[in-house]
Amino acid sequence: MYTVNIICLVLYKLLMAGEYNVTYITLDGHVEVQRYRYLYFVIMFTAYVLIICSNSTIVCIIVLHRNLHEPMYMFIANLLINSVLFSSAIYPKLLIDFLSEKQIISHSACLFQWFIYYALCCSEFFLLVVMAYDRYVSICKPLQYPNIMRKRTVKMFLILAWLLPACQVSLPMIVSANKKLCHFNLKGIICNSTVQKLYCVTSRLLNIYGLAALVTAVICPVLFILFTYIRIVIVCYRSSQEVRRKAAQTCLPHLLVLINFSCLSAYDVLLPRLGTDFPKTVRLIMSLQILLFHPLFNPIIYGLKMKEINKQLKRLFCKRV
C-alpha cells in the first residue's frame with residue numbers, strides 16, 4: 001500500500017510539473033478584442049458555419065451524382081475538403097480567443113496549428129497543379145485524356161497532393177519543437193510563419209530548407225500552372241468557338257482561385273521576411289482576408305461558374321421552380 005502511494009505521488013508530481021512547464025505564447029494581433037469580442041465572435045462564427053455548409057454541400061453533390069465522378073470534379077471536391085479542414089484547424093481556437101480574457105496558446109499547440117496551416121496551404125497549391133494538368137490534357141490532348149487521366153492516376157495525384165506537403169512541413173515543425181523561446185508575444189491572431197521570430201537562435205539550415213520548400217511547394221506549382229494555361233490559350237486561339245467556350249467555362253474558375261490564393265499566400269510568405277512593422281489593424285485585416293475570404297471564395301466560384309455543379313445546386317434549392 002505504501003509503495004502504491006509513493007507511485008501515485010510521483011505520477012502526481014510529474015503531471016503537475018508538466019502542467020507548470022507548459023510554455024504559453026500570447027497572440028498579440030487582436031485589435032480591441034475586449035471591446036468588440038461579441039461582434040468578432042458573431043462574424044467569425046457565422047463565417048465558419050457558411051464555410052462548412054457551402055463547401056460540404058458541393059462536396060456532397062459531387063459524391064452523390066455519378067455524372068460528376070470525373071477527375072475534374074474529384075479534384076474540386078478535394079480542394080473544398082481542404083478548405084473545410086483548414087477552417088476547422090483555425091476557427092475553433094479563434095472563437096475561444098474572442099471570448100477569453102487572455103488570447104494565449106501553448107507552444108506545442110501553436111506548432112501544431114502552424115503545421116496544419118502550411119500543410120493544407122501547400123496541399124492546395126498541389127491540388128491546383130493537378131487541376132491545371134487535368135484541364136491541359138482535356139483541352140490540348142482530348143483523344144488521349146481517357147488513357148492519361150485514369151482512376152489509378154487520379155488517386156495517385158490525390159495521395160501525393162495530401163502527403164507531400166505534410167512531409168515537407170513536418171521537418172521544420174519537429175526541429176522547432178526543441179528550440180528555445182526568447183519572445184512570447186506573437187504579432188498575429190494565428191500561428192503562422194511569424195512564429196520563427198520568437199526563437200532565440202535563427203537556424204540557417206531551417207532558412208535554407210524553408211526557401212527550398214517555398215520553391216518546390218509554391219513557386220514551381222505556380223509556374224507550372226501558368227505554363228499549362230498559356231498552352232491552353234494557344235490551343236484555344238487556334239480552335240473553334242465551341243472549344244474556346246468550353247475552355248473558358250472550366251478554366252476561368254481555376255484561374256480565379258489561383259490568383260486569389262497566390263496573392264494571399266504572397267502576403268503570408270513576405271510578411272516575416274520584409275521586417276516591416278505593419279500597424280496591428282493592417283495585420284488583422286490581412287489575416288482575416290486569408291481566414292474569411294478564401295474558404296468562402298472557392299465554393300462561390302465553383303458553384304456559380306461550373307455548369308454541372310450550378311445545375312445540381314439549382315435543383316437542390318429550387319425544386320419548386
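Close-up 1. C121 counts as buried at 12% relative accessibility, where buried means under 20% relative accessible area, exposed over 50% and partly exposed in between (1.4 Å probe, protein chains only). C140, with a relative accessible area of 21%, is partly exposed. The model is predicted: local features need pLDDT of at least 70, side-chain atom pairs count only at pLDDT 80 or more, and totals for chains, interfaces and linings use all residues. Residues are numbered from 1 along each chain as its sequence is written, and side-chain values use heavy atoms, with hydrogens and water left out.

**Close-up 2. The disulfide of C110 and C191.** The structure holds 2 disulfides. In the one formed by C110 and C191, the sulfur atoms are 2.0 Å apart. The link of C110 and C191 is left-handed, with -120° about the S-S bond. C110 lies in helix α4 (residues 107-140) and C191 in the loop between β3 (185-186) and α7 (204-237), so the pair ties together parts that are 81 residues apart in sequence. Helices (H or I, at least four residues) and strands (E, at least two) are DSSP runs, numbered from the N terminus. C110 is buried at 1% relative accessibility, and C191 is buried with a relative accessible area of 0%.

**Close-up 3. The disulfide of C182 and C200.** The sulfur atoms of C182 and C200 are 1.8 Å apart and form a disulfide. With 105° about the S-S bond, this link of C182 and C200 is right-handed. The pair links distant parts of the chain, 18 residues apart: C182 is in the loop between α6 (151-177) and β3, and C200 is in the loop between β3 and α7. C182 is partly exposed at 42% relative accessibility, as is C200 at 32%. With bonded cysteines counted along the chain, the disulfides follow the pattern 1-3, 2-4.

Close-up 4. An open sheet is formed by 3 strands in the order β2-β1-β3, with mixed pairing; two strands pair if DSSP finds at least two bridges between them. β2 (104-106) and β3 stand at the edges with a single partner strand each, so one side of each is left without a neighbour in the sheet. Strand β1 (residues 24-27) and β3 run parallel and are joined by 2 bridges. L27 stands opposite L186 in β3. Helix α4 lies across β1 and β2, and runs at about 90° to β2. Axes are lines fitted to C-alpha atoms, for helices over the stretch in contact, and angles run from 0 to 180 degrees between N-to-C directions.

**Close-up 5. Residue P172 in helix α6.** P172 is found in α6 and is buried, with a relative accessible area of 11%. Not counting residues up to four places away in sequence, P172 touches W114, L206 and Y209, contact meaning heavy atoms within 4.5 Å. The C-alpha atoms of P172 and L206 are separated by 6.6 Å, although the two residues are 34 residues apart along the chain.

**Close-up 6. Helices α9 and α10.** The axes of α9 (residues 280-305) and α10 (residues 307-317) come within 5 Å and cross at roughly 90°. Residues Y302, G303, L304 and K305 of α9 meet K307, I309, N310 and L313 of α10.

Conventions
Disulfide = S-S within 2.5 Å.
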